[in-house]
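Trainee: Could you walk me through some of the labels used for this model?
Mentor: Gladly; let's have a look together.

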Amino acid sequence: LMLALAGLPLFFLECSLGQFASLGPVSVWRILPMFQGVGITMVLISTFVTIYYNVIIAYALYYLFASFQKVLPWSECFEWADARCGRNRTGTLLRCRRTGLSLWAMLCSFPAKPKPGEETAVTFTLTPLFGACSKVALQRSSGLDETGHIVWYLALCLLLSWIIVGAALFKGIKSSGKVVYFTALFPYLILIILLVRGATLEGAMDGIEYYIGKQSNFTKLMEAEVWKDAATQIFYSLSVAWGGLVALSSYNRFHNNCYFDAIFVCVTNCLTSVFAGFAIFSILGHMAFRAQRPVSEVVDSGFDLAFVAYPEALSQLPVAPLWAFLFFFMLLLLGLDSQFATIETLTTTIQDACPKVMKKLRIPITLGVCIILFLLGLVCVTQSGTGDGTGGHYTFPHWPTGS
């Protein structure tokens, strides 16, 4: 419904504007100068998103490299662990507050369900993966007030991610267009492999039924929060109102059938998200089966799904490093696809403002943009770069993994 009412019309509108004017998201508003601020805002949002988005790609690279081990480092409690780490054993009693954040469901075992905002004594258990992510990969500080140092291996992964982006975009749309053939299509092969493997596991049907079936809670469709999340998913996965669609469509031929393109891309995008859900929930169902817990207690979203819940489930499979490698390689390709479009938004805006300079110095300017954004992103790989100061829970922007 959100696709039909908002996603598809806006997608077609932006593609039409960019293709007709052959201009980026700022210059295209010469057709109505009073709305030029809309284009400027698009570029500013894309700039901020680009900074943290490549940090997430850096996390995927770090986990990808960590997967080249016979035993995954997050599969058990190793030397980094403390008394709270374990799959079945518990540590100290804490007082947790029901915040509605899904991550607490993994960390706090409530003897009874308290009301939101109510404090209660709980048993606190740190899963091996969450402990590895927090203490080893991110080296989190206590909050934003404690900056700490730059985590050097995350900084190197961030540098590598920017080198990949710069290498793919140094010739603009000519070079990135060829790279995208691989980065856009290969994740489908990985999804099919993960789905086939997940469907053969015990408990997979429970996960799929929770995703879309008997265990689905369709009463949530009456809640406004669900519709807000649906709109967020559509806007984020289609990249509408970000400037990328205007920038990329500006390179189309004037008589290109952008109407067909809009319908094809939007429908394919949503079908891909649904298809990816089967691959994800089949393996999460197996994880719930092994833990003898309801699927609802192992399901997360956003960062927690990509870097905690799903890798935790993969670590319990035979030949776990192989599945972890495929999963994080898929995340890397998906992230790079989005990053290419966002950087192209910035370079197209510069080209519209200074066409002669950009024609002569495209490679230095593109590399300069990547270097500046890399330096700005270093703050995100400090010990406080992933914290929100709430005493242990760290928030990340939603990343629709399946899209």
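**Helix crossing and ring pairs**

Mentor: Helix α7 (residues 204-211) and helix α10 (residues 258-291) have axes that come within 6 Å and cross at roughly 135 degrees. This is a predicted model, where local features need pLDDT of at least 70 and side-chain atom pairs count only at pLDDT 80 or more, while totals for chains, interfaces and linings use all residues. Residues are numbered from 1 along each chain as its sequence is written, and side-chain values use heavy atoms, leaving out hydrogens and water.

Trainee: Why is α7 called oblique to α10?
Mentor: Angles under 35 degrees count as roughly parallel, over 145 as roughly antiparallel and 65 to 115 as roughly perpendicular, with the rest oblique. The axes cross at roughly 135 degrees, so α7 is oblique to α10.

Trainee: Which residues of α7 and α10 meet?
Mentor: Contact means heavy atoms within 4.5 Å. In α7, A204, G207, I208, Y210 and Y211 meet residues of α10 including S273, F278 and H286. By class, this contact has seven nonpolar, six polar and no charged residues; Ala, Val, Leu, Ile, Met, Phe, Trp, Tyr, Cys and Pro count as nonpolar, Asp, Glu, Lys and Arg as charged, and the others, Gly among them, as polar.

Trainee: What makes F325 and F329 a stacked aromatic pair?
Mentor: Rings of Phe, Tyr and Trp (its six-membered ring) pair if their centres lie within 6.5 Å; planes under 30 degrees apart count as stacked, over 60 as edge-to-face and the rest as tilted. The count comes to 19 aromatic pairs. For F325 and F329, the values are 5.7 Å centre to centre and 5 degrees between the planes, hence a stacked pair.

Note on methods: Axes are lines fitted to C-alpha atoms, for helices over the stretch in contact, and angles run from 0 to 180 degrees between N-to-C directions. Helices (H or I, at least four residues) and strands (E, at least two) are DSSP runs, numbered from the N terminus.
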